[in-house]
Each structure stands twice: as C-alpha cells, then as structure tokens.
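Hi,

Here is the structure I promised to pass on.

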Amino acid sequence: MHRLPVSLQSLLIQCAAFVLAALLFWGLARVVDIAVPLPGFVLVQGGLAAALSRRLGQPAWWWVLHPAFLPAAWLALHLALPPWAYLAAFVLLLLFFWSSFRTRVPLYLSDRKAWQALIPLLPAGRPFRFIDLGSGLGDVLFYLEPCFPLGRFEGTEIAPAPWLISRLRAAWRGSGAIFLRRDYATLDLGDYDVVFAFLSPAAMPALWAQAQAQMRAGTWFVSLSFKVAGPPPERTIALADGARHTLFAWHMPATK
Ligand SMILES: C[S@@+](CC[C@H](N)C(=O)[O-])C[C@H]1O[C@@H](n2cnc3c(N)ncnc32)[C@H](O)[C@@H]1O
C-alpha cells in the first residue's frame, strides 16, 4: 500500500471506509433495528477514511480531504454542475499535479521548521548556489533568501501551476530567486553547493544516483523526510516526532 501513488492509496481508502461503514450500519440495522440517516453514514465513512489515512501515514491534508469526499460528491450530484465545470476542475488538477503519476511526487509543502533547520547547512559570508528540487510554491527559497545576501537561490518545478505561482510571487516580492520549469533530472547538480529535495521515497534512488554522479566534493545533499539507500547521513535533524519530519544531510565525499 505504501508503494502506491498517494492518489491511488486515497481511492482505496475511500472504498475501504465505504465498505466498513456499510457493514457497520448494516450490522446495527440487524441487531438493534435502527435505520441510520444518510448524514450519519457520511460522517462515519469520512471519519473512518481519515483514520485510515492517518494510520497509513498520508500527509496531514489528506486527513481533512477524506471526510470532505462524499459530501463533495453528493453536492456535485445535487448541484447538477455543467460538464465544463468538471473539465475545468480536471485541468486545474492537471496544472498542479502534472506528472505526479509518473514521478510519484505530489505537491505538498514543507514548513518553517524545515526551512529553519536548513540555515546552519548554508555557507555564511561567501557566495554559494542553492537549489530546491521540486520547488512547489517557492516558500523554501523565499524564506532562506533574505538570510543569505551572498547566496543564489534557485528552484526547479515540473508542474506548471506551482511554477507560475512561484514566479508571480517572486515578482510580487521583488525576490531574486530563480524558478526554472524543468525536470531536475535534466539539470547538472554539480553547479550547486547545496541541493535540497522534499520529494518521495519513490524518487530517491534515481536522485541519489544523480547526486553521486554530479555533485562536487564538500557540497551538501539535503533531503527532507526521505533517506537514501547509501551511507548514513552526516546530519540527522529531527523536526518533530516521526521520520516524516526529519531533515537528512549528506556531505558529498571527495571521491565519487
Ligand atoms: C513535496 S513537493 C515540495 C515542494 C517544496 N519543495 C516544499 O518544500 O514546500 C514536491 C514538488 O516536486 C515537484 N516535482 C516532482 N518531480 C519533479 C521533477 N522530476 N522535476 C521537478 N519538479 C518535480 C512536484 O510537482 C512538487 O511540486
């Protein structure tokens, strides 16, 4: 289950919660002869789905999305939305999640604790280049940039909508951060002093191979939440309970 893309996991969770809730209510109806109203069923199905999502370690925002799923489906049916509304929703999702199905890396955002933990890894008092691989809405760069006037901050993002939003935000804030719309696999990581990634377990083996092949000795490869199958990280910074909130940093060795 953990190996499936999060969207497929969520579909299975919804189905499992539906079946569990149906069994529960069927049992209740037989034993105590109570016919539970539909809103009660929806509430229990949503609660079960959220609990399963949490148990399987899905990102926290899925815990909120799961209970909203059945009510949203019910609303969509009753509002008799025109077909173009579904097409528009699909296109919007596509622009945000683009090739998540292929990369198995959806958009979810790191937080201030992670950005703060990055600060000691960045060289103070000399120029350097930092890149966020899969830069989402740009927050990592916007947070770090003012702390390091000599740093050059770059991000690369494969999905069009987050990339566009980060570009607009950079323009709005007068930020010097550079946002590329490229697959990080096409970049040369040897150009950077600090490479940061918050991706998914599925993306790590190929990325680690790329980092080992391209990164210069003495530079940092930093991953939020996800380890690589290789040497133990030189720094392990726990940000909160659980591996999802740990920053791992490898100092690239002198010989590859
Ligand atoms: C988990 S989000 C992290 C966002 C941001 N770095 C942060 O910490 O808030 C991962 C992002 O990587 C992007 N991504 C996935 N595979 C990519 C690839 N091969 N090249 C560039 N971006 C990619 C996804 O579209 C998504 O926006």
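Below is what I found, starting with the whole protein and then going through its parts.

Two things before you start. This is a predicted model, so local features need pLDDT of at least 70 and side-chain atom pairs count only at pLDDT 80 or more, while totals for chains, interfaces and linings use all residues. Residues are numbered from 1 along each chain as its sequence is written.

**The whole protein**

The protein has 9 helices and 7 strands. These are DSSP runs numbered from the N terminus, with helices being H or I of at least four residues and strands being E of at least two. The C-alpha trace spans about 75 × 40 × 30 Å along its principal axes. Of the 256 residues, 29% are buried. I call a residue buried if 20 or more other C-beta atoms lie within 10 Å of its own, exposed if 12 or fewer, and partly exposed in between, with C-beta atoms placed from the backbone.

Contacts are pairs of residues whose C-beta atoms, placed from the backbone, lie within 7 Å. Among contacts with a separation of 6 or more, 65% join residues 24 or more positions apart.

**Helix H1**

H1 covers residues 6-32, and its 27 residues should span 39 Å at 1.5 Å a residue; the end C-alpha atoms are 38 Å apart, which agrees. The expected span is 1.5 Å times one less than the number of residues. Its buried residues are Val-6, Ser-10, Ile-13, Gln-14, Ala-17 and Ala-21, and they pack against helix H2 (38-55) and helix H3 (60-79).

Trp-26 also sits in H1, but this residue is exposed, with 11 other C-beta atoms within 10 Å. From Trp-26 to Gly-136 is 44 Å, C-alpha to C-alpha, and 110 residues in sequence.

**Helix H8**

H8 (residues 160-173) has 14 residues and reaches 20 Å from first C-alpha to last, close to the 20 Å expected at 1.5 Å a residue. Pro-162, Trp-163, Ser-166 and Ala-170 are buried there. They lie on the same side of H8 because they cover an arc of only 100° around the axis, taken from the directions from the helix axis to the C-beta atoms. An α-helix has 3.6 residues a turn, so residues three or four places apart point the same way.

Leu-168, Ala-171 and Trp-172 are exposed on the other side of H8. The cover over the buried residues includes helix H4 (83-97), strand S2 (151-156) and strand S3 (178-180). Gly-174 follows H8 and has a positive phi near 70°.

**The cores**

A nonpolar core here is a set of buried Ala, Val, Leu, Ile, Met, Phe, Trp, Tyr and Cys residues joined through C-beta atoms within 7 Å. The largest one has 37 residues, and Phe-130, Val-194, Val-195, Phe-196, Phe-221, Val-222 and Leu-247 have the most contacts inside it. Elements that each supply at least two residues of this core include strand S1 (128-133), H8, helix H9 (204-214) and strand S7 (246-251). Beyond its neighbours within four places in sequence, Phe-130 touches residues including Leu-122, Leu-144, Phe-153 and Tyr-192. There is also a second, separate core of 7 residues, including Ile-13, Ala-21, Ala-49 and Leu-52.

**Around the ligand**

Which residues come nearest to the ligand? Val-105, Ser-110, Gly-134, Gly-136 and Ile-158 do, out of 22 around it (C-beta atom, placed from the backbone, within 6 Å). By class, the shell has 12 nonpolar, 6 polar and 4 charged residues. Ala, Val, Leu, Ile, Met, Phe, Trp, Tyr, Cys and Pro count as nonpolar, Asp, Glu, Lys and Arg as charged, and the others, Gly among them, as polar.

Ile-158 also turns up, with Ala-203, as a contact of Thr-103, leaving aside neighbours within four places in sequence. Thr-103 lies in helix H5 (residues 100-103) and is buried, with 21 other C-beta atoms within 10 Å.

**Two loop residues**

Ala-80 is not a glycine, yet has a positive phi of about 45°. Ala-80 lies in the loop between H3 and H4 and is exposed, with 6 other C-beta atoms within 10 Å. Ser-225 has a positive phi too, near 80°. Ser-225 is in the loop between S5 and strand S6 (235-238) and is buried, with 21 other C-beta atoms within 10 Å.

Cheers

Key. Contact = placed C-beta atoms within 7 Å.
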